[in-house]
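Here is a protein chain to explore through questions and answers. Please look over the sequence and the structure before reading on.

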Amino acid sequence: MFSLNAYSYNGIVSGGSPKLHVPVQPASVIYAQFDHVSGFAAKANQAGISVSKIHILNSLLNQVISMRTSPKPEIPKPDTSNLTQSQLDSLIKDYSKQVTSSIHAAQATGYGLAGAMPEPGAVFSLNV
């Protein structure tokens, strides 16, 4: 079984690796050549990935790459200079609950993070 996780296509999205190579049935090799994903003939005892799944993966990679290269809208940062320490702690706890509930919801629906889980503290950058 061939497995795709976050580390498999990280180089493509960041611009490092030109293509992701995946096994397909030998008869489908010619149909499995896309911009970011390329199929190669699977070994005799190896199950290949379907061309439709490769096409979907290629489309998703196109979207991610276009999102990374498009200009990002300027999001105004909230003014926290007039907040007390307890208000800041409450704000951090609220954001932490939102991130945790989003991760649990993603895992429950089957759309969890593939590869590495985020580590605590990696979401926020606090300068005191």
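The questions below move from the whole chain to single residues.

Q: What is the mean pLDDT of the protein chain?
A: This is a predicted model, and the predictor's confidence in each residue runs from 0 to 100. In this protein chain, 70% of the residues reach 70 or more. Taken over the protein chain, the mean pLDDT is 75.

Q: In which element of the protein chain is confidence highest?
A: Confidence in the protein chain is lowest in helix 1, covering residues 10-14, where the mean is 52. At the other end stands a mean of 90, and the element that carries this highest value is strand 2.

Q: In what order do the elements of the protein chain run from the N terminus on?
A: The protein chain holds 3 helices and 2 strands. Read from the N terminus on, these elements follow the order α-β-β-α-α.

Q: In which sense do strand 1 and strand 2 pair?
A: The pairing of strand 1 with strand 2 extends over 5 bridges, and one of the residues involved is Leu 20, whose bridge partner in strand 2 is Val 37. The sense in which the two strands pair is parallel.

Q: How many of the 5 residues of strand 1 are buried?
A: A residue counts as buried when its relative accessible area is under 20%, and of the 128 residues of the protein chain, 14% count as buried. Strand 1 is largely enclosed by the rest of the structure, because the number of its 5 residues that are buried is 4.

Q: How many residues make up the largest nonpolar core?
A: The largest nonpolar core includes Leu 20, Val 22, Phe 34 and Ile 54, among others, and strand 1 and helix 2 each supply at least two of its residues. Leaving out residues up to four places away in sequence, Ile 54 touches Val 22, Val 24, Ala 32, Phe 34, Val 37 and Ile 49. In all, the number of residues in this core is 10.

Q: Which residue's backbone nitrogen does the side chain of Asn 58 reach?
A: Asn 58 lies in helix 2 and has a relative accessible area of 6%, so Asn 58 is buried. Apart from neighbours within four places in sequence, Asn 58 is in contact with Phe 34, Asp 35, His 36 and Val 37. At 2.7 Å, the side chain of Asn 58 reaches the backbone nitrogen of His 36.

Q: Is Ser 38 buried or exposed?
A: Ser 38 is found in strand 2, which spans residues 37-41, and among the residues that Ser 38 touches beyond four places in sequence are Lys 19, Leu 20 and His 21. The relative accessible area of Ser 38 is 7%. Because buried means under 20% relative accessible area, Ser 38 is buried.

Q: How far apart in space are His 55 and Ser 38, C-alpha to C-alpha?
A: His 55 is found in helix 2, which covers residues 51-69, and with a relative accessible area of 42%, His 55 is partly exposed. In sequence, His 55 and Ser 38 are 17 residues apart. In space, C-alpha to C-alpha, the distance between His 55 and Ser 38 is 9.9 Å.

Technical notes
Residues are numbered from 1 along each chain as its sequence is written. This is a predicted model: local features need pLDDT of at least 70, side-chain atom pairs count only at pLDDT 80 or more; totals for chains, interfaces and linings use all residues. Side-chain values use heavy atoms; hydrogens and water are left out. Buried means under 20% relative accessible area, exposed over 50%, partly exposed in between (1.4 Å probe, protein chains only). Contact means heavy atoms within 4.5 Å. A nonpolar core is a set of buried Ala, Val, Leu, Ile, Met, Phe, Trp, Tyr and Cys residues joined through side-chain atoms within 4.5 Å. Two strands pair if DSSP finds at least two bridges between them. A polar contact is a pair of N or O atoms within 3.5 Å; within protein, one must be able to donate a hydrogen and the other to accept it, and residues adjacent in sequence count only if both atoms are side-chain atoms.
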